[in-house]
Amino acid sequence: WELAAEATKAVIDLGIYGLHDDYGDSYKEYDLYHSEIIWARLYNNDEYEEFPTERSHMPPGYYGYAHTHPLQNMVDSYERTTGLLPKDDPEYDPYNGQWENRDPRFYASILYDGAMYQGREVECFIPGGLDSYQGPIEAWNATTTGYYVRKFANENIVVPRGLNNGSTPWPYIRYNAVLLDYAECMFMLGNEAEAREYINRIRSRPSVNMPPVTESGEALWERYMNERKVELYMEEHRYFDVRRWKIAEEVLSVNAWKVDIFKDEVTGEKSYVYSEFQERNFPEKMYYLPIPQDEIDRNPNLEQNPGY
């Protein structure tokens, strides 16, 4: 932990990186070069198709293929503007205004029924929602969870087809992740005050401006893990985080949840049904990969990993 702290602090002390003021724009093609990106893979879709982010993410009513459908589980990880998770906020109503007063990173990352996108509201409801499985365009790609991904897509791209896709870079290392890494090191080394300081640097970004974290001990650790989950959503950190924290068999064994939205064709009122739609299981043995049998056959001193 000391070595990791030294390494991350060395990056911070360079003084050449910083947080972008706008969380949502920091991931967009039209703001490619800024001080939050340390290392990213650049794409150029002008000459030939390399990475069609918009076609992959946009809902079908916008001519996207909607390859990724955020889970209700993830939506519930975004705090309310009070700094409380929905489950802990007595004012939260999952059937009325459930997507209101959320952490601004929610609105920058996830599209939900009724969200404004390219001049109209996203329609995940049935019957007849433009972005539902009853929609008129690419309906077979419609969300199975009630949500779509907003993060990374260039919203100036209309009808993403062929070369009409943005060239959004893929971030390997960002300054926000470095700050979170340092906060984790400080927590593990017993310096909770500095851990809170660096977590709150993330939360106090002008476009986010969420209440500061004030907890200590296990409660602080829980806040840190959720902060990392939300801040780095869709950046391929989560799977490796929960494995190194050794909580994968707990958090990756929670069944997947969705929301179905129904709109009354006469009154226009909407109703919501939350339900499990997919079983999940992460057995403890999956912290390790199995050793191929032909390798064991070559070397009898090799022992198979537990559980295989």
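This is a predicted model: local features need pLDDT of at least 70, side-chain atom pairs count only at pLDDT 80 or more; totals for chains, interfaces and linings use all residues.

Me: How many of the 14 residues of helix 5 are buried?
Reply: Buried here means a relative accessible area under 20%. The number of buried residues in helix 5 is 12.

Me: Which residue with a positive phi follows helix 5?
Reply: The residue that comes after helix 5 has a phi near 85°, which is a positive value. That residue is Gly190.

Me: How are the rings of Tyr62 and Tyr117 arranged: stacked, tilted or edge-to-face?
Reply: A pair of aromatic rings is described by the distance of the centres and the angle of the planes. For Tyr62 and Tyr117 the centres are 5.1 Å apart and the planes stand at 85°. Planes over 60 degrees apart count as edge-to-face, so the pair formed by Tyr62 and Tyr117 is edge-to-face.

Me: How many residues apart in sequence are the parts that Tyr62 and Tyr117 tie together?
Reply: Tyr62 lies in the loop between helix 2 and helix 3, whereas Tyr117 belongs to strand 3. Tyr62 is buried with a relative accessible area of 5%, and Tyr117 is buried with 1%. The parts that this pair ties together are separated in sequence by 55 residues.

Me: How are the rings of Trp99 and Tyr112 arranged?
Reply: The centres of the Trp99 and Tyr112 rings lie 5.3 Å apart. Trp99 sits in the loop between helix 3 and helix 4, and Tyr112 in strand 2. Because the planes of Trp99 and Tyr112 are at 40°, the pair is tilted.

Me: Over which ring does the charged end of Arg102 sit?
Reply: The charged end of Arg102 is 5.5 Å from the centre of the ring in question. This ring is part of a cluster linked by ring pairs, among whose members are Tyr78, Trp99 and Tyr112. The ring under the charged end of Arg102 belongs to Phe106.

Me: Is Leu111 buried or exposed?
Reply: Leu111 is found in strand 2, and beyond its neighbours within four places in sequence it is in contact with residues including Pro59, Tyr117, Val122 and Tyr148. Since its relative accessibility is 0%, Leu111 counts as buried.

Me: What is the distance in space between Met234 and Glu276, C-alpha to C-alpha?
Reply: Met234 is found in the loop between helix 7 and helix 8 and is partly exposed, with a relative accessible area of 23%. Met234 and Glu276 are 42 residues apart in sequence, and their distance in space, C-alpha to C-alpha, is 22 Å.

Note on methods:
Residues are numbered from 1 along each chain as its sequence is written. Side-chain values use heavy atoms; hydrogens and water are left out. Rings of Phe, Tyr and Trp (its six-membered ring) pair if their centres lie within 6.5 Å; planes under 30 degrees apart count as stacked, over 60 as edge-to-face and the rest as tilted. Helices (H or I, at least four residues) and strands (E, at least two) are DSSP runs, numbered from the N terminus. Buried means under 20% relative accessible area, exposed over 50%, partly exposed in between (1.4 Å probe, protein chains only). A charge sits over a ring if NZ of Lys or CZ of Arg is within 6 Å of the ring centre and within 35 degrees of the ring normal. Contact means heavy atoms within 4.5 Å.
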